[in-house]
Amino acid sequence: MEGILRFLSYSGFANVTAGHIIMILIGLGFIYLAIRYEYEPLLLVPIGFGILIGNTPFMEHAGLQLGIYEEGSVLNYLYQGVLKGIYPPLIFLGIGAMTDFSTLISNPKLILLGAAAQLGIFTTYIGALLLGFTNPESASIGIIGGADGPTAIFLASRLAPHLIGSIAVAAYSYMALVPIIQPPIMRLLTTEKERRIKMKPPRSVTKQEKVLFPIFGLLLTGFIAPGSLPLLGMLFFGNLLKESLVTKRLADTAKNALIDIVTIILGITVGASTQATTFLTQQSMLIFVLGALSFMFSTAGGVLFAKFMNIFLSGENKINPLIGAAGVSAVPDSARVAQSEGLKADPSNHLLMHAMAPNVAGVIGSAVAAGIMMSFLL
Amino acid sequence: MNLFLWIQLNPDALKADHLMLAVIGYSVVFLALLLLYVFFRQLPKLLAFNLRRKLRKEGEPEKAATAGNAVPGEVNAAIATAIFLYLNELHDHETAVLTITKAAKSYSPWNSKIYNVTHFRRF
């Protein structure tokens with residue numbers, strides 16, 4: 001009898017709390033959004049399932065070595081890649097091998113939209129300070145506005161490891177909700193006439209330019225913000241593997257097997273790190289609120305800067321301000337949003353190619369912003 | 001209704017250093033990407049200059065040779081689509097999958113052989 005009681009005390013039924021139930025429901029919500037609406041399924045399915053793993057109740061502190069925060073557990077070993085910032089650069093390697101920077105090279109002025117859309121990072125940094133977060137915590141929360149999950153995890157792992165779970169879940173949630181968050185802001189800040197602006201088709205880009213981009217891209221950005229080297233180094237390296245055309249096998253591995261493996265492990269461990277006991281706190285709620293604001297400010301920054309650039313541009317060189325919203329680095333979702341909003345205004349206006357330029361510039365911009373934060377605060 | 005009552009702003013926490021970090025940080029992001037912009041704006045000119053010098057050495061007429069280098073993206077897209085459609089039409093690889101799916105043949109007085117044979121017109 002004693003054995004049975006002991007077994008029951010170890011079971012999930014005996015240890016379940018309201019927090020566990022809430023987190024399990026959140027995890028199920030993530031999985032539902034991913035499968036039913038296909039919102040970032042490659043991320044939300046692993047994270048959602050990770051939340052279920054992390055919040056299946058068991059007797060904590062019983063030395064079972066099951067929880068992600070328990071030293072010696074398998075999940076804890078996998079989580080080290082998050083804590084030590086190993087996974088984000090590997091993801092960036094894959095992203096680099098997948099990304100075609102042609103549209104950006106063909107119309108380089110669109111790079112600036114990728115810089116403008118980092119506005120949310122710095123405004124949220126100020127906002128988080130006002131709400132009582134410490135300096136490093138505020139920087140880690142602000143980076144959510146970059147809409148770049150790996151960058152957010154990378155910076156949080158260095159500056160505020162105790163907030164990684166909340167920051168990662170907020171970043172990935174808002175990335176998945178790009179089609180819901182961005183359009184109202186885009187419509188609010190643009191006129192019907194502006195949304196109908198047709199941009200001239202991008203010119204073709206030579207192989208030489210494509211090969212030179214990752215090399216000089218790394219040198220130019222790396223010299224200014226060396227803190228971003230782990231991310232940008234891998235991003236540009238992956239891109240060189242792709243564009244050189246002589247390392248096809250390496251590029252294929254980076255953009256398929258490697259990024260898939262890392263995404264699976266990253267998603268599961270980040271999800272599992274949201275254990276109710278550490279995740280359901282006032283701080284986490286604030287991080288979610290600040291993250292949403294950060295995302296909105298970034299979107300607004302990109303759109304408004306495109307309008308500002310239009311003051312100095314004429315005729316066919318004008319920029320459709322909708323693509324400014326793609327400056328947040330949620331690739332390629334925010335570019336898709338720009339495309340669909342453009343089509344609503346004018347069914348013959350295809351903005352996807354143009355929007356990809358600020359979109360990939362945003363990846364570089366948010367990594368540079370993370371590097372600067374690290375240089376200042378570490 | 002009182003969900004966010006516990007949110008308290010603390011203006012004293014904000015120091016000049018923090019504002020400076022935000023302003024400098026945002027400016028440096030701009031600076032880094034501005035450098036990229038300037039470099040890649042000038043790059044085609046640098047590459048064309050190199051090409052022109054090379055052609056001049058070889059004694060080729062510059063304009064004729066460099067003109068073909070700048071094919072508009074739309075033309076490239078049209079060529080790529082045409083090649084894609086052409087290759088799709090070649091049918092050099094058949095699937096060679098045999099099926100035993102029953103093919104339903106719904107005869108009607110208009111296409112049935114038996115009907116035509118048995119109900120031929122009599123004069």
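Okay, let's start with a word we'll need: a residue counts as buried when its relative accessible area is under 20%, as exposed when that is over 50%, and as partly exposed in between, using a 1.4 Å probe and protein chains only. What we have here is a predicted model, where local features need pLDDT of at least 70, side-chain atom pairs count only at pLDDT 80 or more, and totals for chains, interfaces and linings use all residues. On bookkeeping, residues are numbered from 1 along each chain as its sequence is written, chains are lettered from A and ligands numbered from 1 in the order in which they are written, and side-chain values use heavy atoms, with hydrogens and water left out.

First stop, N239(A). Is N239(A) buried or exposed? With a relative accessibility of 1%, N239(A) counts as buried. This residue belongs to helix 16 of chain A; helices here are DSSP runs of H or I with at least four residues, strands are runs of E with at least two, and both are numbered from the N terminus. Around N239(A), leaving out residues up to four places away in sequence, there are contacts with G96(A), A97(A), T99(A), F101(A), K210(A), F213(A) and P214(A), where contact means heavy atoms within 4.5 Å. A polar atom of the N239(A) side chain also sits 3.2 Å from the backbone oxygen of G96(A). That falls under polar contacts, meaning a pair of N or O atoms within 3.5 Å; within protein, one has to be able to donate a hydrogen and the other to accept it, and residues adjacent in sequence count only if both atoms are side-chain atoms.

Helix 16 covers residues 229–243, and P230(A) is in there too. At 31% relative accessibility, P230(A) counts as partly exposed. Setting aside neighbours within four places in sequence, P230(A) touches P89(A) and F154(A). Now take P88(A): 142 residues separate P88(A) and P230(A) in sequence, yet their C-alphas are 8.7 Å apart in space.

Next, R195(A), in helix 14 (residues 192–195) of chain A. Which side chains make polar contacts with that of R195(A)? One is T190(A), at 3.0 Å, and another is E192(A), at 3.1 Å. R195(A) is buried too, because its relative accessibility is 11%.

Then there's helix 12 of chain A, residues 164–176. Its 13 residues reach 18 Å from first C-alpha to last, close to the 18 Å expected at 1.5 Å a residue; that expected span is 1.5 Å times one less than the number of residues. And 13 of the 13 residues are buried, so helix 12 is largely enclosed by the rest of the structure.

Over to chain B. It has four helices and zero strands, and of its 123 residues, 15% count as buried.

So how do the chains meet? Chain A brings 45 residues to the contact and chain B brings 36. About 3600 Å² is buried between chain A and chain B, with carbon and sulfur atoms giving 84% of that. Buried area is the accessible area (1.4 Å probe) that two parts lose on being put together, summed over both. Between the two chains there are zero salt bridges, a salt bridge being a side-chain nitrogen of Lys or Arg within 4 Å of a carboxyl oxygen of Asp or Glu. Two residue pairs are in polar contact across the interface, both at pLDDT 80 or more. Several helices of chain A each supply at least two residues to the side touching chain B, including helix 19 (282–312) and helix 21 (352–377).
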